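I opened this notebook to record what I looked up, contact by contact and then strand by strand. The sequence and the structure come before my entries.

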Amino acid sequence: MKKFRLMRIVGAFAATLLVGASAVTSSVPASADSSSFTYQPSHAGGTLKLLASTAGGTLDPQVNYTLQYWQLFQASYDGLLSFHKVSGQSSFDVVPDLATALPIVSNGGKTYTFTLRKGIKFSNGAPVTVNDVKASLERLFKVSNPNAGSWYAGIVGATACLATPATCTLSGVVVDPSTNKVVINLTTPDAEFADQLATPFGSVLPATAPSKDSGTTPIPGTGAYYFKSYNPNTKLVMLRNPNFKVWSAAAQPQGYPDEIDQVFSNTPESEVTMVENNQANFVFDPLPSDRLSQLSSKYANQLHVNTLTAIWYMPMNVNIAPFNNKLAREAVNYAIDKNAAVKIFGGSKLASPVCTILPPGFPGHVDSCPFQTPAGSTYSGPDLAKAKALVKQSGTSGAAVAIVATNDTVNAAVAQYAASVLNQIGYKATVKLLSANIQFNYIQNTKNKVQISLTQWYQDYPQASDFLKILLSCSQFHPGSDNSINISGFCNKSIDAEMATASTDMISNPTAGNALWSKIDQAIQGGNAVWAPLFTPKQIDFVSSGTGNYQFSKEFYMYVDQLWVK
Amino acid sequence: MLAFVLRRVSSAVLVMFSISVLVFLIFFATPGVDPAARIAGRSATPQIIAQVRHAFGLDRALPIRYGIMMDHLFFKQDLSSYVNIGAKVVPQILQAAPITISLVLGASVLWLLVGIAGGIVAAANRGKFIDPLIMFLGIAAISVPAYWLGEVVNLITQGGLHHSIFSWVPSSGYVSIFQNPFEWGLHLLFPWLTLASLYAGIYARVLRAELVNALNEDYVRTARAKGLSERRILIRHAFRCSLISIVSLFGLDFGALIGGAALLTEVVFGLPGVGLLTYSSLQNLDLPVIMGCVMYGAFFVVLANAVVDIGYAFLDPRVRVA
Amino acid sequence: MAGLGVLIFIVTICLLAPIYAHNIAHTNPFASNIQGSTFINGKRVMLLQQNTQGLGFGVTPIGPTWNFSHYFLGADDQGRDVFARLLYGGRSSLLIGTASALLCCIVASILGLIAGYFGGPIDWLLSRVFDIIWAFPIYLLAISLSVVLLTSGLNIGPLHIGAGSLFLPILIIAAVFIPYVARPLRGLTMSLREREFIQAAIGSGSSDLRILWKEILPNAAPSVIVFFPLMVAFNMLTESALSFLSIGVQPPAASWGTIINDGLGLLYTRPWVALAPGIMIAITAVSLNILGDGARDAFDPKAKLRGSI
């Protein structure tokens, strides 16, 4: 996923699904871990003030795709399933939320049966019924949820809903109010369906919720908080849900602050100053680079660093000059000093160089840096002489190259550095800076003839397919469209076939599957030098001195509702 | 006179219309701007994008889309943002307006006071040392980039000196006057000073030039011959004649600033006024909000121009023929 | 005169930028130098230094060495010599300011004179055009034009302006200030038109073009000449604002505005990177304004009576 504005989060892993078996098997790992945060009432109360320089878009949990608001939705909405609200690796597990237990999966993985809990109310006092569950699933199609055509298209009846969303009645969802049972039928088994239900897209909303994107009008939810007001230019206010009682602390724990505000329109520099002075609790925006030194010396105990599986990389367009020439792409890999990019980002404590597509710590990752002298398993540095030789050999010397990046400080600096290096090895490189709102779609559209760009990818879930299949398979390359996330335009049928094999392997034999994914990674990057991978960043959060109990979820990052202000 | 006013008003309306058409065209000519893909979200299938395109009327012909947008903006008054779905444009602008008005009013009071005082003092002491000194300060003040000055002020008040000399300076942001008048003023103090410094110099120079001009006129010579004091001549005679230039200049500047020209000052100091709204909508390429802000700003500029022109025509009949 | 002196000094040192960069400082102000190092007091120091205190986050460039032979004002976030870039930046800023002022004054003179002289529908049309340009938000125009032109360049018939060319900010800034110069010239022309010598020329059968060229233009010229340095100052300030919005000069080329923009990201650790170009702009604009006043005094003797500056 891309981090800000455009994000796709899913959840965990469903490695135990047996395709074709008719036995009743759970497609979700039976997580025996029902641990949860222990609630300490003495710290309850107060107002939490979060800062973000711009608003995050719509408040509709079935439309909004940004981490900025998913952090807030996780405390205000619930689905049948949810992510485990703890810290650590278990935060990727799927646990039952509005459902009494994990679903019973039958019919060869095509039928999910849930039982809805009784007695839960929305923030407007109305009780949650199975009709609301069915209506919410249908609403995904009515509001044109970004993933309606992919994640939820496997539900029986979805095809009709995609064609005529206004009259959507999902025939595959059968509910029985007398037994409180919800049965969802799929057309084919889907290993990731449980995770997809656990995201805020799977939130259960009242059946009376509007059939279009609700925008700035909040929809009642079942979570510990509800949205009181929202002005995208000034602030957003959440208050405790008066109708909330904890039914599963593992899925939706009690929150501490009485009120959570997110305040907009300040510059990141002012935001950092406000948190330093304890006038606010947290800065959502990336921290300005020139404050990092001061923060890490004076405010070290208010900084929290977490590893991410994410990557900053420069995809090269393999279909147009000069990077349709493999030697030219290799030259770029030899020339760019990943440690310099790390320095620009903030230093080696905040990022580490990567040479492969899959970042370290990811299943399927293998340490291997082929484009350096000598090749090895860890990154040793650039080789400009070799790069220059390769450029000459490729015959692309003197080509004009434009690097397209966003115009914020760090991205612009990395792009400028890369352009300078490309100039050194024999190209005529320039930098094109576009605002973040334009750049991401711009670099995907082949009509714009983008040769090389700078972008980031954050994992959706720890599956190698999330990187390799999503970013580099033929089916993700749509020439002429603004949504063509295979930015390089790399399409290799035999590698695609191997990806399909690897996906099926993952279900029955993850070890073999991951080994195959490693091979695919080597084939694409080592064999074809499709990208210039730069580094993997860490997440750094800055909280004020008056803020306590920082907890980190691998899915939603910092738990805003678990912070103490008292 | 009436004919002149009517002609002037109709020109103003024509200008507003042309600007709206230009804004519309520019937006759709900018590459990478297709809102449908961005509204639909990443990984949206072509089907979903097509649905979004249809829902927003983006698949109709350009003139029809323009008509629909203008209809929503002026008649139905429910034009909504592409980026913040459901947030209506007009209420957003109306909510941002008081902040800009607070900023501009306070700054204009300051710059008028300082500028007029400076101009009078310089004119009264022309030839002596203080005259070129004031003029030099004036030039220096208008030679500084606005946003740079604001950032430097921020650096001084929020940076190293924040814990010592400037600890009383609040962090950025705006507090409504109805909520807490003292905080309102305190939050706006440095923005006022920054914005005022950019204009005070101009006004001092213009007033001084006009005053000196007036002081060389015949009627002033007569007054001197009659034995009136220099001070009296300056204030009661020359000043009133010079006021016309100052007032017309002020009208134009005030109009432009109310419309959102103080954009960079608002950005630097984190004031969510019309300028900041314009700036962020430009960054987000949020056409409805851009259109609303541009119309709002253009309205005030055109209004100020028209008022000043009509004022001149009223005072000087020769101008009415033009 | 002091104004002119300061201005000449600034222009000279900026023109000498390449000599400074190659021969004195031995740096390339346009190439990134992130892993580079230099010698301060005999010791080798990295240009971009990793913070070692506390948690060890953050990388800071070296600050001013106050030594003309290298990194006088320190390094920027790409490890480049700020002072050398400042001099090169002066070339770009002065070039853009002067060229756009020139273009603006020429076009505005033509349009203003035509509007004022012919009156009627031509005047009406041109005045409306001026109104539109003046009320139009420059930032929207600049952002859109920049996104379009800076990504693909401008192609009108045989005219091809490459993306990233300095000609684009020059065009944008010149266009925006045309009404500012044209309106007063129009007013001036309108009052000149009523004077006797013009009436005489018309009566004697001279063609309009001849009258405009031989009679009106020479009388309007002093105003334009007075405007010119003021416009250079305004345009330089506007260019820096556009660069602040990242829509003016494109990296790695330097202008004072882009250096300020770079410096804003370093404001809390290395304020000189942002302060120095701002001060340079201020000094240059001040001397241009003083020059403008001097020009006005020179052309209008009565103005001298009103005192200098």
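I began with the meaning of a contact: two residues are in contact if their C-beta atoms, placed from the backbone, lie within 7 Å. The model is a predicted one, in which local features need pLDDT of at least 70 and side-chain atom pairs count only at pLDDT 80 or more, while totals for chains, interfaces and linings use all residues. Residues are numbered from 1 along each chain as its sequence is written, and chains are lettered from A and ligands numbered from 1 in the order in which they are written.

Entry on chains B and C. I found that 43 residues of chain B and 38 residues of chain C make up the contact.

Entry on chains A and B. This contact draws 43 residues from chain A and 37 residues from chain B. On the chain A side, helices H5 (268-276) and H11 (436-444) each supply at least two residues, and H11(A) gives the most, with 4 residues. By class I noted 13 nonpolar, 26 polar and 4 charged residues on that side of chain A.

Entry on a sheet in chain A. I traced an open sheet of 4 strands in the order S4-S5-S7-S6, with antiparallel pairing, where strands pair if DSSP finds at least two bridges between them. S4 (104-106) and S6 (173-176) of chain A are at the edges with a single partner strand each, so one side of each lacks a neighbour in the sheet. S6(A) and S7(A) (residues 181-185) are joined antiparallel over 4 bridges, and Val175(A) stands opposite Val182(A).

Entry on a hairpin in chain C. S1 (residues 37-40) and S2 (residues 43-46) of chain C run antiparallel and are joined by 4 bridges, with Lys43(C) as the bridge partner of Ile40(C). Between these strands lie 2 residues, and Asn41(C) takes a positive phi near 55 degrees in this hairpin.

Conventions. Ala, Val, Leu, Ile, Met, Phe, Trp, Tyr, Cys and Pro count as nonpolar, Asp, Glu, Lys and Arg as charged, and the others, Gly among them, as polar.
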